[in-house]
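Please open the structure in your viewer and keep the selection tool at hand.

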Amino acid sequence: MLLLASCVGLAWSWSTRTVGGVRTRSAPAVAAAAAGLAADAAMAADATDTAEYLWRGEVPLPGADCQERLVGASPGVALRVLRWSPTDSAAAGRRPLVFVAGWGSVFEGWRPLLTTWASRRPIIYIETREKKSAEFDFRPNVADFAMARHADDIAAVLAAIGVAPSSVDWFSSSLGATLLLDGFQRGALDGRASVMLAPNPAFKFPLWARPLLRLPLPRRGDARP
């Protein structure tokens, strides 16, 4: 499955003219520029609100109750966890599915799939530490994003919420699939069954790219096969 996301670009142009070799702006041009700046500021504020929307808050889905928590994964690191419990008692009693998405993935990209699943079985959606929703009490470096750290985070989160890894099914993509392979190989994680989309034999986290996760993003992602 290919996840597509776009960023909002903000730009404006200035009207100028040259008089006697000196570049000048007329009063109408200055006023128009000021209006443009005000409009761009409003757009930026709205984009910031949109970005926060993608990383915070409960996400209601049909036929399920949602709970959001920040769960401590290691000293100084907390991860966002979304849990859906079906309102149907029979579905609520089924094995939980733990969902670990790929690098920088937002929930909106997986909304169509999770909308279908959430009413059928309990879902635990864990956002990994490279995502904007993660909270750090320190300034992270490259070593803090090693694959083993990611896998150990998932194990710690499940322990904190009282879920045994051996009792769950897994669904993961890209970085999520890669960290599960690491966890399974080291014995840090376990499970009943696992579906992995596009795991990577090696995943070098570009620390310089983490600020890109804070850029404005659309309210709706696009998930296509």
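**Charged pairs**

A search of the whole structure finds ten salt bridges, a salt bridge being a side-chain nitrogen of Lys or Arg within 4 Å of a carboxyl oxygen of Asp or Glu. The model is a predicted one, in which local features need pLDDT of at least 70 and side-chain atom pairs count only at pLDDT 80 or more, while totals for chains, interfaces and linings use all residues. Residues are numbered from 1 along each chain as its sequence is written, and side-chain values use heavy atoms, with hydrogens and water left out.

Select Arg95 and Asp169 to begin with, whose closest N and O atoms are 3.2 Å apart in a salt bridge. Arg95 lies in the loop between helix H2 (89–92) and E6, and Asp169 in strand E9, so the pair ties together parts that are 74 residues apart in sequence; helices (H or I, at least four residues) and strands (E, at least two) are DSSP runs, numbered from the N terminus. Arg95 is partly exposed, at a relative accessible area of 36%, whereas Asp169 is buried, at 7%; buried means under 20% relative accessible area, exposed over 50%, and partly exposed in between (1.4 Å probe, protein chains only).

Next, select Asp153 and Arg129, whose side chains meet in a salt bridge of 2.6 Å, N to O. Asp153 belongs to helix H4 and Arg129 to the loop between E7 and strand E8 (135–136), so this pair ties together parts that are 24 residues apart in sequence. Both Asp153 and Arg129 are buried.

Now select Val98, Ile126, Ile154, Leu158 and Trp170, the residues with the most contacts inside the largest nonpolar core, which has 26 residues. Such a core is a set of buried Ala, Val, Leu, Ile, Met, Phe, Trp, Tyr and Cys residues joined through side-chain atoms within 4.5 Å. Its largest share, six residues, comes from H4.

Centre the view on Leu158, which, leaving aside its neighbours within four places in sequence, is in contact (heavy atoms within 4.5 Å) with Val98, Ile126, Val163, Pro165 and Trp170. Apart from this core lies another, of 16 residues, among them Leu61, Cys66, Phe99 and Ile123.

**A last stop**

Finally, select Ser172, found in strand E9 (residues 169–173).
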